[in-house]
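Colleague: Could you take a close look at one part of this model for me, the helix packing, and then follow on to the salt bridges?

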Amino acid sequence: MNQISWDDFRLVRGIAESGSLVGAAAALNLNHSTVFRRLGALEAMIGTKLFERSRNGYSATAAGQEMVALAERMGRDVTDFERRIAGRDEKPSGLLRVTTNDALFNYVLAPILASFRQAYPDIQLDVLVTNQPLNLSRRDADIAVRSTYAPPETLVGRRIGSSVWGRYVSRALYESGFDLADESFPYIGFNEHFGGVDVFDWIEKEIPPHRIAMRCNTTVGLAKCIAEGVGIGFLPRFVGDQHPELVCTDEPMAGRGAVLWLLTHPDLRHAARVRAFMDHAGAQLSRRRAVLTGNGQGGGHGEEI
C-alpha cells in the first residue's frame, strides 16, 4: 500500500462533513472532478469503500469514519503546532486574522483598522465579518472583537466596556403619533444567533410571539429595516444614534448592554503582531467608550467601565 497523505485525510473529512463531493470541493478549493478522482484512487489504494453513495449524499462507512476521526485528531495536532509557532513571532509582521460582527465593523472598527495599518504596514489584515462566533482554538481567526457576556475560558483578552441598547422606530413613524403602548405595532427580533445576549432574552420574554413580524441575524440590516418602517427594533446606541432617520424611544436594556472584548488564544498572546493589535485596538476602543455606551453621537447615557 502506498502512503496515505495528509491531503487524503483532509479529503475524506471534507466529504464526510459536507455529505457531498460538491461541498467537499468548495471547502477544499478543488473542482468536483478532482475530488471524485482522488476519492476513487484512495479507495482503490486501500482496497475498501470509504463512503456509501445514495440520493441523500455520501455517508461514511466504518472505514471512512475511522479515517475521519483520525483526520480530526491530526488536524487538531497540526493546528496546535501552528498556533504555538505563531505565538513565538518576535517581529510585528505577517498575516493577522481578526473577526468581529457587522455592527462593530461598520460603526466602530473601520477607522481603528485603518490607523493600525498605518502604524504597522508590515502586518496584513484578514478581517472576517460574521455574527457567528469563530473558533480561535482552531485558528479560524487570531483575534476576536466581540460583544459577549461569557467569553470562552480557553481565551484571554481585554474587557473594553459595556454597550447600551435602545428601542428604535423610524422617525417618520415616531412623528406620525407613535405610541409605545400601542400593541398594534410589530417588532423586529433577532434569530437564534443572538441567543444568550440580554436583548435577545428580553425580547423573547417581554414581546408576544404574534408581534414579531420579522427576525434578523444582522444588526446593520435591522437598522435598515427599522428605518423602512417594518417595525420596532432594538439596536446598540452606537448604531442607532448614528442614523438620523431613527428615534430611540427608551432604553429598556440600560445598564445591561453586552460587554465588548478583545480576545485571543493564550498561545498567541505573545506573538508580536497579536500584541501590536491588542495594544493599538485596545487603546483606540477605550477612547471610544462614550460612543459604545451611548454618550457619543446622538447623546444618551450608559455604563462606562
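Modeller: Let's start with α5 and α8, which are roughly perpendicular to each other. This is a predicted model, by the way. The axes of α5 (residues 102-119) and α8 (residues 219-227) cross at roughly 80 degrees and come within 7 Å. On the α5 side, the contact is made by Asp102, Ala103, Asn106 and Tyr107, and on the α8 side by Thr219, Val220 and Gly221. Sorted by type, the residues of that contact are 3 nonpolar, 3 polar and 1 charged.

Now for α1 (residues 6-18) and α3 (residues 32-46): their axes come within 11 Å and cross at roughly 115 degrees. That angle makes α1 roughly perpendicular to α3, and the crossing is left-handed. Here Asp7, Asp8, Leu11, Val12 and Ile15 of α1 meet Val35, Arg38, Leu39 and Leu42 of α3. This contact divides into 6 nonpolar, no polar and 3 charged residues.

Glu43 sits in helix α3 and Arg53 in strand β1 (residues 51-54), 10 residues apart. Glu43 counts as buried at 11% relative accessibility, while Arg53 is partly exposed at 37%.

The count comes to 9 salt bridges, and another one of them pairs Arg167 with Asp250, the closest N and O atoms being 2.8 Å apart. Arg167 is in strand β7 (residues 165-170) and Asp250 in strand β11 (residues 246-250), so this pair ties together parts 83 residues apart in sequence. Arg167 is buried, at 9% relative accessibility, and Asp250 is partly exposed, at 24%.

Key
Residues numbered from 1 in each chain as written. Predicted model: local features only at pLDDT ≥ 70, side-chain atom pairs only at ≥ 80, totals over all residues. Heavy atoms only, no water. Axes fitted to C-alpha atoms, helices over the stretch in contact; angles between N-to-C directions. Helix = DSSP H or I, 4+ residues; strand = E, 2+ residues; numbered from the N terminus. Parallel < 35°, antiparallel > 145°, perpendicular 65-115°, else oblique. Left-handed = near helix turned anticlockwise from the far one by under 90°. Contact = heavy atoms within 4.5 Å. Nonpolar A, V, L, I, M, F, W, Y, C, P; charged D, E, K, R; others polar. Salt bridge = Lys/Arg side-chain N within 4 Å of Asp/Glu carboxyl O. Buried < 20%, exposed > 50% of the residue type's maximum accessible area, 1.4 Å probe, protein only.
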